[in-house]
Amino acid sequence: MSGGVDRGVTSAPVRGLTVLYDAECALCTHLRDWLLRQPQLVPLELVPAGSAEARTRFPGVDPAATLEEVTVIGDSGQVYRGAAAWVVVLWALREHRPLAHRLSSPAGAMLARGAVLAAAKYRGAQWGGQGTYRRTDGWRYVPEQGWVYDPPSCADGACPTG
């Protein structure tokens, strides 16, 4: 067998990936749009994290955690978070699979983790740095506590329905 054979185009254990992304984050939606334009070896489906669709499709996955850290779910239930999620997404893209293989090495994993931390820092700045990041669906991020859910109030007479 030659070493030039791609290790997964025809015999991949993962035949589809769902990327859960923060639909209220400018960086996240920019990356979602970029991913949709890329030629894919493994189909990617992009679903807003914490959405009703995500909660219904993946009941065993903590919605707050998916809003805090990028999460990718394989078609057989594999769950990838953080740097591993980005590596598997790059692996699914035709033009970026070689990069994914490099990032899966020990040295590459450190680089991938650094990229994820840089993105988190950018998102933190988007939230005002030290303040609370609030989403319109009732979730808010408090640096000292993590993600907290405050159901929308009915005080103004307009109650949201399920």
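Trainee: Which residues does Thr18 touch, not counting those up to four places away in sequence?

Mentor: Thr18 touches Glu45, Val47, Arg57, Phe58, Thr71, Val72 and Ile73 on that count. Keep in mind that this is a predicted model.

Trainee: Where does Thr18 sit, and is Thr18 buried or exposed?

Mentor: Thr18 is in strand S1. Its relative accessibility is 6%, so Thr18 counts as buried, the limit being under 20%.

Trainee: How far is Thr18 from Thr71?

Mentor: Their C-alpha atoms are separated by 8.4 Å, although the two residues are 53 apart along the chain.

Trainee: OK, the sheet. What is the strand order?

Mentor: The order is S2-S1-S3-S4, in an open sheet of four strands with mixed pairing.

Trainee: Which strands stand at the edges?

Mentor: S2 and S4, the latter spanning 79-81, are the edge strands. Each has a single partner strand, so one side of each is left without a neighbour in the sheet.

Trainee: And what does the twist average?

Mentor: From one strand to the next, the twist averages 25 degrees.

Trainee: How do S1 and S2 pair?

Mentor: They pair in the parallel sense, over five bridges. Val19 has Leu46 in S2 as its bridge partner, and Tyr21 has Pro48 in S2.

Trainee: How does the chain cross from S1 to S2?

Mentor: The chain goes through H1, and this β-α-β crossover is right-handed.

Trainee: What does H1 touch in the sheet?

Mentor: H1, residues 26-37, packs on the sheet and touches S1 and S2. The direction of H1 makes about 160 degrees with that of S2.

Trainee: Which strands does H4 lie across?

Mentor: H4 lies across S1, S2, S3 (71-74) and S4. Relative to S4, H4 runs at about 115 degrees.

Trainee: How many residues of H4 are buried?

Mentor: Nine of the eleven are buried, so H4 is largely enclosed by the rest of the structure.

Trainee: Which ones?

Mentor: The buried residues in H4 are Gly82, Ala83, Ala85, Val87, Val88, Val89, Leu90, Trp91 and Ala92.

Trainee: Switching to the nonpolar core. In the largest one, which residues touch the most other members?

Mentor: Leu17, Leu44 and Val72 do, out of 20 residues in that core. At least two core residues come from each of S1 (17-21), S2 (44-48), H4 (82-92) and H5 (97-103).

Trainee: Which element gives the largest share?

Mentor: H4 does, with seven residues of this core.

Trainee: What about Leu44, what is it in contact with beyond its neighbours within four places in sequence?

Mentor: Leu44 is in contact with Leu17, Val19, Leu35, Val89, Ala92 and Leu93.

Trainee: Now charges. How many salt bridges does the structure hold?

Mentor: The structure holds four salt bridges.

Trainee: Which residues are linked with them in a network?

Mentor: The network of salt bridges links Glu45, Glu53 and Arg57.

Trainee: And what does Arg32 pair with?

Mentor: Arg32 forms a salt bridge with Asp33, with the closest N and O atoms 2.9 Å apart. Arg32 is partly exposed, with a relative accessible area of 21%, and Asp33 counts as partly exposed at 33% relative accessibility.

Trainee: Which residue does Arg94 meet in a salt bridge?

Mentor: The side chain of Arg94 meets that of Glu95, at 3.7 Å from N to O.

Definitions and conventions:
Residues are numbered from 1 along each chain as its sequence is written. This is a predicted model: local features need pLDDT of at least 70, side-chain atom pairs count only at pLDDT 80 or more; totals for chains, interfaces and linings use all residues. Side-chain values use heavy atoms; hydrogens and water are left out. A nonpolar core is a set of buried Ala, Val, Leu, Ile, Met, Phe, Trp, Tyr and Cys residues joined through side-chain atoms within 4.5 Å. Buried means under 20% relative accessible area, exposed over 50%, partly exposed in between (1.4 Å probe, protein chains only). Contact means heavy atoms within 4.5 Å. Two strands pair if DSSP finds at least two bridges between them. Axes are lines fitted to C-alpha atoms, for helices over the stretch in contact, and angles run from 0 to 180 degrees between N-to-C directions. A crossover is right-handed if, with the strands pointing away from the viewer, the path from the first strand over the helix to the second runs clockwise.
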